[in-house]
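This report describes a protein chain from the inside out, for a reader new to structures. Please keep the sequence and the model in view while reading.

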Amino acid sequence: MKWINTRSHNSWLEAETDRIFEFGKNALVPNGFGWIGNNGNVRDEMGTRLWITARMLHCYSLATLMGRPGAFDLVEHGIAALEGPLKDRTHGGWYATVDNQGEGVMDASKQGYQHAFVLLGAASAATTGHPRAKALLDEAINVYEKHFWCEENQMCFESWDEAFTETEDYRGGNAAMHSVEAFLIVYDVTKDKKWLERALHITEFMIHKTAKGLSYRVNEHFDSDWNPLPDYNKDTPASHFRAYGGTPGHWIEWGRLICHLHASMQTIGMNTPDWMLEDAIGLFDATVRDAWHVDGAPGFVYSVDWDGKPVVRERIRWAPVEAIGTAYALFAVTGEKKYEDWYRTWWDYCRTYLIDYEGCSWWQELDVNNQAGTSVVWDGKQDIYHLMHCLVIPRLPLTPGLAPALEAGLLDSAMK
């Protein structure tokens, strides 16, 4: 039995994509895109987050390129938010959080994770032909290179204060991973090879030089000299972005990003080290080993310790979503049946437990018995960004990236 690249399965993916695009419109607020709660309505107290607005700009750029009426208006809305209320006109860059209505800044810090998504959103928007998207991308590149890229060690800064005068004594693997994701699309749009070189350097350090020696348990916490901090957040393990120990959903997400990077490099004749695909497979296998169905119920546990034992056992939506995308990517690279089998297994899990047809969208968090309603890690359904990685990526080649591939008309190009 085969699902990947079949007409019947892709038709189902298309229908679910439409449902999710419609749900995402609920996030619209005057200052950008808000935090969606479990009931499908914006939670005003959460404010307008830069990462959500930038990710939604990315998503509705995809919707525009997929011919969804009304999506271009949401691209305009996202660009206007990044040109206006979220932008720091005094010090440059973008605020982490403003209120939803235009009454003030709630968090003036400058976050690398969030600015990586500005890069992604702006690069995706540039493929839609929006008249101001290229200028936004140019500004995002300038801000990122000036403040978040460290040329000396070819890695990323984590955060700054409002004025870009003080940086945190911390470096994060989560921001590094999403920088790699953004760099791939920036390369596709600009054709500047330095973005692939930077992505490779980050990946080599994070995965080949660090995670491989930890049985592919990816360490995400470092000091300012990039020395690992294995006990970081041990007392608060359920952090949104800085969970203690290993976060297996990120391990398998790294596996997909390596496949995309490998394909992009091959396309232009760059040398692709043998370790790239070896490590992508190692990350996939480690995620299954440590996190899938390890405590008596199906699903991925959120985090594990350095021996692979579960720490936070709640099931978070984006882990199986990313697993689906990586199963597709490794199937595309290797043709091995086991990846098709895992692809179907994880889709069955998502349909049984995560997809919320009675309410809206997908549940973001389930308890250890796969019941909805918990908020140990996440409260609400936030945005629709990760869902594109199981709904759209399996219908595209591995390179170019999402928006550039859609612009090139490559959706369902391998469908049988």
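Lysine 191 is placed in the loop between α6 and α7. The model is a predicted one, and in it lysine 191 has a positive phi of about 65° although it is not a glycine. Is lysine 191 buried or exposed? Lysine 191 is exposed, with a relative accessible area of 55%; the class follows because exposed means over 50%.

Histidine 293 also has a positive phi, of about 55°, and is not a glycine. Its loop runs between α9 (275-291) and β12 (315-316). Histidine 293 is partly exposed, at a relative accessible area of 41%.

The backbone has a further point to look at between threonine 399 and proline 400, which are joined by a cis peptide bond with omega of about 0°. Proline 400 sits in the loop between α12 (388-391) and α13. As background, most residues other than glycine have a negative phi, and most peptide bonds are trans.

**The core**

In soluble globular proteins, nonpolar side chains tend to be buried together. Here the largest nonpolar core has 140 residues. Tyr60, Ile202, Met206, Trp346, Trp347, Trp362 and Met388 are the residues with the most contacts inside this core. Which residues does methionine 388 touch, leaving aside its neighbours within four places in sequence? They are Ile20, Phe21, Cys59, Leu62 and Ile393.

**Aromatic pairs**

The structure holds 34 aromatic pairs. One of them is formed by phenylalanine 33 and tyrosine 60, which are stacked, 6.3 Å centre to centre with 10° between the planes. Phenylalanine 33 lies in strand β2 (residues 32-33) and tyrosine 60 in helix α2 (residues 50-65), so the pair ties together parts that are 27 residues apart in sequence. Phenylalanine 33 and tyrosine 60 are both buried.

Phenylalanine 205 and phenylalanine 222 form a tilted pair, with 5.6 Å centre to centre and 50° between the planes. This pair links helix α7 (residues 194-211), which holds phenylalanine 205, to strand β11 (residues 221-222), which holds phenylalanine 222; the two residues are 17 residues apart. Phenylalanine 222 is buried, with a relative accessible area of 0%.

Ring pairs also link Tyr144, Phe148, Trp149, Phe157, Trp160, Phe164, Phe183 and Trp195 into a cluster.

**Pocket and cavities**

Rolling a probe the size of a water molecule over the atoms shows where empty space is left. The structure holds two cavities of 30 Å³ or more.

| Space | Volume | Lining residues | Lining by class |
|---|---|---|---|
| Largest pocket | about 260 Å³ | 17 residues | six nonpolar, seven polar, four charged |
| Largest cavity | about 190 Å³ | 20 residues | eleven nonpolar, six polar, three charged |
| Second largest cavity | about 160 Å³ | 16 residues | five nonpolar, seven polar, four charged |

In the largest pocket, Gln111, Tyr113, Gln114, Glu158 and Phe241 lie nearest the centre. The elements giving two or more residues to the lining of this pocket are α4 (112-126) and α6 (173-190).

Nearest the centre of the largest cavity are Ile185, Arg256, His260, Gly401 and Leu402. At least two residues of the lining of the largest cavity come from each of α6, α8 (248-267) and α13 (402-407).

For the second largest cavity, the lining residues closest to the centre are Arg55, Tyr113, Trp318, Trp378 and His386. Helices α2, α6 and α8 give two or more residues to the lining of the second largest cavity.

Conventions. Residues are numbered from 1 along each chain as its sequence is written. This is a predicted model: local features need pLDDT of at least 70, side-chain atom pairs count only at pLDDT 80 or more; totals for chains, interfaces and linings use all residues. Side-chain values use heavy atoms; hydrogens and water are left out. A nonpolar core is a set of buried Ala, Val, Leu, Ile, Met, Phe, Trp, Tyr and Cys residues joined through side-chain atoms within 4.5 Å. Buried means under 20% relative accessible area, exposed over 50%, partly exposed in between (1.4 Å probe, protein chains only). Contact means heavy atoms within 4.5 Å. On a 1 Å grid over the protein atoms alone, a cavity is a set of points where a 1.4 Å probe fits but cannot get out, and a pocket is an open set with protein on both sides within 12 Å along at least five of seven lines; lining residues have an atom within 4 Å of a point. Grid points are joined across faces, edges and corners, and a volume is the space filled by probe spheres set on the points. Helices (H or I, at least four residues) and strands (E, at least two) are DSSP runs, numbered from the N terminus. Ala, Val, Leu, Ile, Met, Phe, Trp, Tyr, Cys and Pro count as nonpolar, Asp, Glu, Lys and Arg as charged, and the others, Gly among them, as polar. Rings of Phe, Tyr and Trp (its six-membered ring) pair if their centres lie within 6.5 Å; planes under 30 degrees apart count as stacked, over 60 as edge-to-face and the rest as tilted.
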